[in-house]
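Welcome! Take a look at the protein below, and then we will walk through its folding, its cores and its rings together.

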Amino acid sequence: MLGFFEHSFNTLSHGLIGYIIPFLFVLTIVVFFHELGHFLVARWNGVKVLTFSLGFGPEIVGFNDRLGTRWKISAIPLGGYVKFFGDESEASTPSSAALSSMTAQEREGSFHHKRVGQRAAIVAAGPIANFILAIVIFTCLFTFFGKPSTTAQVDTVQTGSAAAAAGFQSGDVIKSIDGSVIGSFSDMQRIVGIKAGEQLTFSIKRGDSIVELKATPELKEVKDSFGNVHKLGVLGITRAAAVGEATTEKVNPAAAFVLGVKETWFVVDRTLAYIGGVFSGREAADQVGGPLRIAQISGQVATIGITALIHLAAVLSISIGLLNLFPVPLLDGGHLLFYAFEAIRGRPLSERAQEMGFRVGLGLVLMLMVFATYNDILHLAAS
């Protein structure tokens, strides 16, 4: 047992040194744009912003802008916050004593004295900014680097696989899956990967004929090029692209934007499908990762190049935006849930109800962090 923990510590200490800079690069981009969304919409609605912080805890460096906002970088780089006038804490919980003693002029700049629609817009602006950032990144990547494309041709079919049972043959070209057009082998892999255990209908070009096959991908553990294990749906077919066969399709900015939106939606859809699978028992919760896993992946992706790291920033931005929309008090989605009740009732929830909600939300967030960190340690120790 002692050897296990010693190995875990050595793995963490050696690995994190090489991961910390890429991790901070990716996380800072994502957090900055999330908080910038809150900040900009708050300013547009006349809310006085006291603090814009990257990180938590003691301030390392900062400055005041002409409107009195303190922009700063703090010591604990695991997130950030925007604090509004009238907030009691970084979680934007109100101080009833401070709110009741405000003058009419001070109320003009108070977040908690704005209309419920304005407050909801300010809160929703953070996650929305994350989605916009992802779309912009994907659009730029498609515009400047094009869309990789390799014909979705079957070269080999593994014996005893789902593809063999369905009747796939070498030389088949997959044209569509459940009506969705397949433009490349990677397109096919992405759809199959998230559809383990679900029967799919494949339109196949076989010679001069079009054949329809039905296959159910099997859930299997697959290792990526870094040795990380992922559980994905697998058909059991391979593609061996010849030298020079893989191409990059050039796309104009308009087409790149459409692809960027589709790519963003794919990540959202995949994430929601996984979460639904965890609750239904179809997916294992051991794939849930926290800061350590993100740091590891950031360091690994950084070895490929800056383009891959920026792509990771887009994926992480979507994940953080989506996570913040969950209706859990303390997160943006929890605030939006409270505002929805307020809009329906015509008055806010009681201060006690909100306080209890935030306590429950804090407990849920802390439990998720502990669980994710536990998964991270096990994953790093096994790698």
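Among contacts in the protein chain (heavy atoms within 4.5 Å) between residues at least 6 apart in sequence, 61% join residues at least 24 apart. This is a predicted model, in which local features need pLDDT of at least 70 and side-chain atom pairs count only at pLDDT 80 or more, while totals for chains, interfaces and linings use all residues. Residues are numbered from 1 along each chain as its sequence is written, and side-chain values use heavy atoms, with hydrogens and water left out.

**The chain as a whole**

- The protein chain has eleven helices and twelve strands; these are DSSP runs numbered from the N terminus, with helices being H or I of at least four residues and strands being E of at least two.
- Of the 383 residues in the protein chain, 40% are buried. Buried means under 20% relative accessible area, exposed means over 50%, and partly exposed is in between, using a 1.4 Å probe and protein chains only.

**The nonpolar cores**

- A nonpolar core is a set of buried Ala, Val, Leu, Ile, Met, Phe, Trp, Tyr and Cys residues joined through side-chain atoms within 4.5 Å.
- The largest nonpolar core has 41 residues, and those with the most contacts inside it are Phe39, Phe52, Phe84, Phe111, Ile122 and Ile318.
- At least two residues of this core come from each of helix 1 (2–44), strand 1 (49–64), strand 2 (70–84), helix 4 (116–145), helix 7 (253–280) and helix 9 (306–324).
- Helix 4 gives the largest share of this core, ten residues.
- A second, separate core has 19 residues, including Phe185, Met188, Leu200 and Ile237.
- In soluble globular proteins, nonpolar side chains tend to be buried together.

**A closer look at helix 4**

- Helix 4 has a kink of about 35° at alanine 125, shortly before proline 127. The bend at a residue is the angle between axes fitted to the seven residues ending there and the seven starting there.
- After helix 4 comes glycine 146, with a positive phi near 80°.

**Aromatic rings**

- Rings of Phe, Tyr and Trp (its six-membered ring) pair if their centres lie within 6.5 Å; planes under 30 degrees apart count as stacked, over 60 as edge-to-face and the rest as tilted.
- By this rule there are nine aromatic pairs.
- Phenylalanine 39 and phenylalanine 52 are edge-to-face, because their ring centres are 5.9 Å apart and their planes meet at 85°. This pair links distant parts of the chain, with phenylalanine 39 in helix 1 and phenylalanine 52 in strand 1, 13 residues apart.
- Both partners are buried: phenylalanine 39 has a relative accessible area of 5%, and phenylalanine 52 has 2%.
- Phenylalanine 84 and phenylalanine 111 form a stacked pair, 4.9 Å centre to centre with 20° between the planes. Phenylalanine 84 is in strand 2 and phenylalanine 111 in the loop between helix 3 (104–108) and helix 4, so the pair ties together parts 27 residues apart in sequence.
- One aromatic cluster is formed by Phe32, Phe33, Phe39, Phe52, Phe63 and Trp71.

**Charges over rings**

- A charge sits over a ring if NZ of Lys or CZ of Arg is within 6 Å of the ring centre and within 35 degrees of the ring normal.
- Lysine 48 lies over the face of phenylalanine 85, 5.4 Å from the ring centre.
- Arginine 190 lies over the face of phenylalanine 266, 3.8 Å from the ring centre.
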